[in-house]
Amino acid sequence: MPGPVFLDGDRVTLRPIEEDDLEFLQTQINDSRIWRAIGQSRPVNGEQEREFFENVICGDDTVNFLITADSTPIGTIGLHSIEWETRKAEIGYWIAPDHHGRGYGTEATERVVRYAFDQLGLHRIAARVFEFNEPSKRLLEKAGFTQEGVHRDGEFIDGEWQDVYWYGLLENEWRE
């Protein structure tokens, strides 16, 4: 899959998401291990994935990357809900299930955090994780995030109410 490298890590590369990546994205987002973890409750067809690409990925309100390992797409990561005046954003990510447990998500998160603070001048990054997603909680904590609170029964996912755990990382905490 083509695409110029934007951010390089030791084991992962982050590059812009291109139209050629839509099939990979649609296939993965419809895997229950992904859609459940990100709170997606409906299947996504090709047209919907293209609309998301055109309206969100190609928009000016987010920063999105395809995560690759050895040129193979393995997930996505991005900053959304960016508030430029108050210098804050929310980070979101997913890794294809075949690549879980290898540290790719942690490396990608650390690279995007560095980019957000050093290049975009952000002051605060937030993240949210559902109560059942222990690996994502560990990832955030390993990357320096602090659990800040819980929204009880914050989302209805896969037929059940789930608590939403909120995490945050401030620029000065990260620099220490």
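Biologist: On what basis are residues numbered and side-chain values taken here?

Modeller: Residues are numbered from 1 along each chain as its sequence is written, and side-chain values use heavy atoms, with hydrogens and water left out. Because this is a predicted model, local features need pLDDT of at least 70 and side-chain atom pairs count only at pLDDT 80 or more, while totals for chains, interfaces and linings use all residues.

Biologist: Which elements do the buried residues of helix 5 pack against?

Modeller: Helices (H or I, at least four residues) and strands (E, at least two) are DSSP runs numbered from the N terminus, and buried means under 20% relative accessible area, exposed over 50% and partly exposed in between, with a 1.4 Å probe and protein chains only. In helix 5, residues 134–142, the buried residues include S136, K137, L139 and L140; these cover an arc of only 160 degrees around the axis, which puts them on the same side of the helix, the arc being that of the directions from the helix axis to the C-beta atoms. On the other side of helix 5, R138 and K142 are exposed. With contact meaning heavy atoms within 4.5 Å, the buried residues of helix 5 pack against strand 5 (88–95), helix 4 (104–118), strand 6 (124–130) and strand 8 (160–170).

Biologist: What is found at the start of helix 5, and which residue follows this helix?

Modeller: A polar contact is a pair of N or O atoms within 3.5 Å; within protein, one must be able to donate a hydrogen and the other to accept it, and residues adjacent in sequence count only if both atoms are side-chain atoms. At the start of helix 5, a side-chain oxygen of N133 reaches to within 3.2 Å of the backbone nitrogen of S136. The residue that follows helix 5 has a positive phi, near 105 degrees, and is G144.

Biologist: Which residue forms a salt bridge with K137, and over which ring does the charged end of K137 sit?

Modeller: A salt bridge is a side-chain nitrogen of Lys or Arg within 4 Å of a carboxyl oxygen of Asp or Glu, and K137, which counts as buried at 7% relative accessibility, forms one with E134 at 3.0 Å, N to O. Being three residues apart in helix 5, K137 and E134 are separated by about one helical turn, and E134 counts as partly exposed at 39%. A charge sits over a ring if NZ of Lys or CZ of Arg is within 6 Å of the ring centre and within 35 degrees of the ring normal; the charged end of K137 lies 3.8 Å from the centre of the ring it sits over, that of Y165.

Biologist: How many residues apart are R128 and E90, which form a salt bridge?

Modeller: The closest N and O atoms of R128 and E90 are 2.7 Å apart. R128 is partly exposed, with a relative accessible area of 40%, whereas E90 counts as buried at 10%. The pair links distant parts of the chain, with R128 in strand 6 and E90 in strand 5, and the separation is 38 residues.

Biologist: Which residues are joined with E171 and R175 into one network?

Modeller: E171 forms a salt bridge with R175, the closest N and O atoms being 3.1 Å apart, and both lie in helix 6 (residues 171–175), four residues apart, about one turn of the helix. E171 counts as buried at 16% relative accessibility, and R175 is partly exposed at 44%. Salt bridges that share partners join E171 and R175 into one network with R87 and D118.

Biologist: Which residue caps the N-terminal end of helix 3?

Modeller: In helix 3 (residues 46–57), E49, F53 and I57 are buried, and they cover an arc of only 45 degrees around the axis, which puts them on the same side of the helix. These buried residues pack against helix 1 (22–29) and strand 3 (63–69), while E47 and N55 are exposed on the other side of helix 3. At the N-terminal end, a side-chain oxygen lies 3.1 Å from the backbone nitrogen of E47, and the capping residue is N45.

Biologist: Which residue forms one aromatic cluster with F6 and Y115?

Modeller: Rings of Phe, Tyr and Trp (its six-membered ring) pair if their centres lie within 6.5 Å, and planes under 30 degrees apart count as stacked, over 60 as edge-to-face and the rest as tilted. The structure holds seven aromatic pairs, among them the edge-to-face pair of F6 and Y115, at 5.5 Å centre to centre and 85 degrees between the planes. F6 lies in the segment before strand 1 (7–8) and Y115 in helix 4, so the pair ties together parts that are 109 residues apart in sequence. The cluster that holds F6 and Y115 also includes F65.
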